[in-house]
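Me: I am new to this structure. Please walk me through it, one question at a time.

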Amino acid sequence: MTAVDTEPATPGTDAEHLLVVDDLSTSFATGQGPLRAVEHVSLDLGRGRTLGIVGESGSGKSVLARSIMGLLPKYASRTGSVRFEGQEMIGASASDLRTLWGARMAMVFQDPMTALNPVLRIGRQITESINEHLDYSKTQQRETAVALLRSVGIPEPERRLRQYPHELSGGMRQRVVIAISLACGPALLFADEPTTALDVTVQAQILDLLEAQQRERNMAVVLVTHDLGVVATRADEIAVMYGGRIVEQAPTQVLFREMRHPYTEALLKSIPRLDLPSHTRLEAIAGRPPDLLDPPSGCRFTPRCPYAQDKCHAEEPPLEDDGTGHLYRCWFPVGITSKQTTVDSVVTEANVRQGDDDQAVPAKVPPAPPVDGPPPAAPAGEDT
């Protein structure tokens with residue numbers, strides 16, 4: 001895949017990929033003019049694959065996920081193309097989008113307490129999506145909700161159906177959000193900082209749970225995070241965003257072996273690594289992200305880049321392919337080699353398994369709920 005701003009990428013065909021995004025841009029109307037939150041993004045994603053989208057707050061990664069789904073306010077506008085299962089989503093009617101949301105694509109949001117309705121019981125919130133998209137009886141809906149809670153590792157699922165969100169811990173609430181997102185067996189799941197609001201002791205458990213559900217359902221996942229370490233061992237490919245644009249994109253092993261963009265290098269230096277001595281001081285990225293109402297000329301990372309030269313201030317580099325599928329947007333790539341960093345050398349708190357999540361039981365993953373017919377049976381020897 002090759003992408004440049006003046007000549008957008010030509011992603012894979014719809015037959016090859018579940019999701020194809022071609023030259024997508026998103027802007028928001030403000031009193032100071034348009035805020036261009038996402039510009040000229042092209043990517044594709046196959047079934048069962050994981051794409052990590054990484055960047056600081058304000059880089060455009062969450063807006064990109066919502067732009068793909070069409071979850072934007074009325075004062076936002078999109079251009080380009082987003083095709084999901086061959087269906088064009090830009091310009092689609094609200095009713096067409098509602099048939100996709102929850103049924104074929106879903107999102108796990110960052111904060112489970114705000115994602116859940118505080119005045120509705122857990123069971124009601126899970127069965128809402130089932131009732132909307134699947135032709136299930138009330139009994140089948142309840143049985144499916146119980147099976148989903150059990151599959152995401154929540155003990156005593158029948159009792160949890162009668163509880164309200166405030167009665168559960170943060171980790172349990174996020175498991176409920178995941179259960180809701182999986183209720184209708186989506187083909188594509190967006191996970192937007194799914195562990196950021198959680199205690200460090202449960203972050204790895206939630207990420208492991210998402211992986212297990214993905215493998216069982218052959219589901220594609222877009223994992224949005226600020227932490228390169230989170231996606232180091234969990235994504236097939238990583239796209240690094242800065243200032244609303246992809247500045248580097250490559251298969252995970254390739255990116256960590258030969259990262260090219262100074263911003264990717266800076267993100268790596270800001271997280272703990274196993275191959276560094278203990279108590280090594282982490283490096284903060286100096287400066288601030290660009291103002292997308294008035295972005296700087298040239299490369300948008302130039303004001304913060306330690307390698308910037310005159311050309312970087314004057315001309316914005318295109319996103320180019322080095323011939324191996326590794327794309328980067330830099331006039332003077334840094335050229336980090338495998339001697340300096342590998343995937344296995346990167347560690348973050350979310351990859352350190354420790355502690356319990358209110359005695360959460362190991363996940364027993366049922367098949368995705370079928371579109372027709374009865375809900376999945378409970379594991380042998382357990383009551384529903």
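Reply: Start with Ser181, which counts as buried at 4% relative accessibility. Keep in mind that this is a predicted model.

Me: In which helix does Ser181 lie?

Reply: Buried means under 20% relative accessible area. Ser181 has 4%, so it counts as buried. Its place is in helix H7.

Me: How far apart are the C-alpha atoms of Ser181 and Gly102?

Reply: Ser181 touches Gly102, and also Ala106, Met107, Val108, Pro186 and Leu189, leaving out residues up to four places away in sequence. Along the chain, Ser181 and Gly102 are 79 residues apart. Their C-alpha atoms are separated by 6.3 Å.

**The largest pocket**

Me: Which helix gives the largest share of the lining of the largest pocket?

Reply: The lining has 21 residues, and Gly102, Met107, Phe109, Ser129 and Ile180 lie nearest the centre of the pocket. Strand E6 (105-108), helix H4 (122-133) and helix H7 (170-182) each supply at least two lining residues. The largest share is five residues, and it comes from H4.

Me: What is the volume of the largest pocket, and how many residues of its lining are nonpolar?

Reply: The volume is about 540 Å³. Six lining residues are polar and three are charged. The nonpolar ones number 12.

Me: How many bridges join strand E9 to E10?

Reply: Strands of a sheet pair through backbone hydrogen bonds, either parallel or antiparallel. E9 (residues 237-242) and E10 run antiparallel. Glu237 stands opposite Pro251 in E10. The bridges joining E9 to E10 number six.

Me: Which residue in the turn between E9 and E10 has a positive phi?

Reply: E9 and E10 form a hairpin. Two residues sit between the strands. The one with a positive phi, about 60 degrees, is Gly243.

Me: Which residue of E12 stands opposite Glu248?

Reply: Strand E10 (residues 245-251) and strand E12 (residues 327-328) pair over two bridges in the antiparallel sense. Gln249 stands opposite Leu327. Glu248 stands opposite Tyr328.

Me: Is Gln163 buried or exposed?

Reply: Gln163 is in the loop between helix H6 (157-161) and H7. It touches Arg121, Ile122 and Leu168, not counting residues up to four places away in sequence. Its relative accessible area is 8%, so Gln163 is buried.

Me: What is the phi of Glu85?

Reply: Most residues other than glycine have a negative phi. Glu85 is found in the loop between strand E4 (76-84) and strand E5 (87-88). It is partly exposed, with a relative accessible area of 33%. Its phi is positive although it is not a glycine, at about 50 degrees.

Me: What is the relative accessible area of Glu156?

Reply: Glu156 is in the loop between helix H5 (138-151) and H6. Its phi is near 50 degrees, a positive value in a residue other than glycine. Glu156 is partly exposed, and its relative accessible area is 47%.

**The whole chain**

Me: What percentage of the residues of the protein chain count as buried?

Reply: The chain has 12 helices and 12 strands. Among contacts between residues at least 6 apart in sequence, 69% join residues at least 24 apart. Of the 384 residues, the share that counts as buried is 52%.

Conventions
Residues are numbered from 1 along each chain as its sequence is written. This is a predicted model: local features need pLDDT of at least 70, side-chain atom pairs count only at pLDDT 80 or more; totals for chains, interfaces and linings use all residues. Side-chain values use heavy atoms; hydrogens and water are left out. On a 1 Å grid over the protein atoms alone, a cavity is a set of points where a 1.4 Å probe fits but cannot get out, and a pocket is an open set with protein on both sides within 12 Å along at least five of seven lines; lining residues have an atom within 4 Å of a point. Grid points are joined across faces, edges and corners, and a volume is the space filled by probe spheres set on the points. Helices (H or I, at least four residues) and strands (E, at least two) are DSSP runs, numbered from the N terminus. Ala, Val, Leu, Ile, Met, Phe, Trp, Tyr, Cys and Pro count as nonpolar, Asp, Glu, Lys and Arg as charged, and the others, Gly among them, as polar. Buried means under 20% relative accessible area, exposed over 50%, partly exposed in between (1.4 Å probe, protein chains only). Contact means heavy atoms within 4.5 Å. Two strands pair if DSSP finds at least two bridges between them.
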